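These are my notebook entries from a first look through a structure that was new to me.

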Amino acid sequence: MKVVDNFLPKEQFEKMRDTFLSDYFPYYYIKNVAKDGENDKKMFYFIHYLYKNGRTNASKWYPMLSEILLDKINYNFLIRAKLNCYPRSDQKVIHSKHVDYTYRTKGLIFSLNTCDGATILENGKEVKSVANRALFFNAFKPHASTNCTDQHARFNINVNYI
């Protein structure tokens, strides 16, 4: 696990943030955050796939991700890249632990805004959502997400790669 604050230069970060948090950017409803816990069945979130199943054309915004963020990480094979939007609620909810993939994969969670939401790793370490923060971790190990209570939503980019 590695946390890098101010991961992108300010101008590049602001370009991504202003695009992905704009009124015109499309997010899609997912009825369960995770599939195991009772709370997960009551929670929902929104996603936008930037890259999935070997398709760089999963989203017209993939080139921006590639030019700004992916060029900064060392990877051999991109598995998935998606944007997550966890709407706020009155209570902070820790979603069930899950693995992104059952085989050895690396993960990057890149925060687009600062809020009281977090990612909780297998060892219980909680990594807060801070704008322009990159969390690198083993995505095949159990981890959990949370929503937030102090902003409209928690926004991040989740990248899985080898």
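Predicted model: local features only at pLDDT ≥ 70, side-chain atom pairs only at ≥ 80, totals over all residues.

**Entry 1: a first residue**

How exposed is Asp18? I looked this one up to get started, and Asp18 counts as partly exposed, at 45% relative accessibility.

Residues are numbered from 1 along each chain as its sequence is written, and side-chain values use heavy atoms, with hydrogens and water left out.

**Entry 2: the chain as a whole**

I counted elements next, and the protein chain has three helices and 10 strands. Helices (H or I, at least four residues) and strands (E, at least two) are DSSP runs, numbered from the N terminus. Read from the N terminus, their order is β-α-β-α-β-α-β-β-β-β-β-β-β.

Then I checked the overall dimensions. The C-alpha atoms fill a box of roughly 40 × 35 × 30 Å along the principal axes. The radius of gyration of the protein chain is 15 Å, which agrees with the value near 15 Å for a compact globule of 162 residues. That radius is taken over C-alpha atoms, and the globule rule is 2.2 Å times the number of residues to the power 0.38.

How much of the chain is buried? I found that buried residues make up 51% of the 162 residues. The accessible surface comes to about 8500 Å², and 48% of it belongs to carbon and sulfur atoms. These areas come from the Shrake-Rupley method with a 1.4 Å probe; for residues, only the protein chains shown count as cover.

I also looked at contacts, meaning heavy atoms within 4.5 Å. Of the contacts with a separation of 6 or more, 75% are between residues 24 or more positions apart.

**Entry 3: helix 1**

Which residues of helix 1 are buried? In this helix, residues 10-20, I found Phe13, Met16, Thr19 and Phe20 buried. They cover an arc of only 140 degrees around the axis, which puts them on the same side of helix 1. The arc is that of the directions from the helix axis to the C-beta atoms.

The face turned away from the buried side carries the exposed residues Lys10 and Glu11. Among the elements that cover the buried residues are strand 3 (45-52), helix 3 (62-68), strand 4, strand 5 and strand 10.

**Entry 4: two residues inside**

I followed strand 4 to Lys82. Lys82 is buried, with a relative accessible area of 6%. Leaving aside neighbours within four places in sequence, its contacts include Tyr45, Ile47, His48, Tyr49 and Leu50, as well as Asn156, Ile157 and Asn158. Lys82 and Ile157 are 75 residues apart in sequence, yet 5.7 Å apart in space, C-alpha to C-alpha.

Asn156 sits in strand 10, residues 153-161. At 2% relative accessibility, Asn156 counts as buried. Among the residues that Asn156 touches, not counting those up to four places away, are Lys82, Tyr86, Ile109 and Phe110.

**Entry 5: charged pairs**

How many salt bridges does the structure hold? I noted seven. A salt bridge is a side-chain nitrogen of Lys or Arg within 4 Å of a carboxyl oxygen of Asp or Glu.

- Asp18 from my first entry pairs with Arg17 at 3.0 Å, N to O, and Arg17 is partly exposed at 28%.
- Asp90 and Arg88 have their closest N and O atoms 3.5 Å apart; Asp90 is exposed at 71%, whereas Arg88 is partly exposed at 37%.
- Lys128 and Glu126 form a salt bridge at 3.0 Å, with Lys128 partly exposed at 40% and Glu126 partly exposed at 34%.

Lys92 joins Glu126 and Lys128 in a network of salt bridges.

**Entry 6: a nonpolar patch**

Which residues form a nonpolar patch on the surface? They are Phe77, Tyr103 and Ile162, with about 300 Å² of accessible area together. Patches are made of residues with over 30% relative accessible area and no salt bridge; like charges are joined within 9 Å, nonpolar side chains (Val, Leu, Ile, Met, Phe, Trp, Tyr) within 5 Å. Tyr103 lies in the loop between strand 4 (78-87) and strand 5 (106-111), and Tyr103 is partly exposed at 40%.

Key:
Buried < 20%, exposed > 50% of the residue type's maximum accessible area, 1.4 Å probe, protein only.
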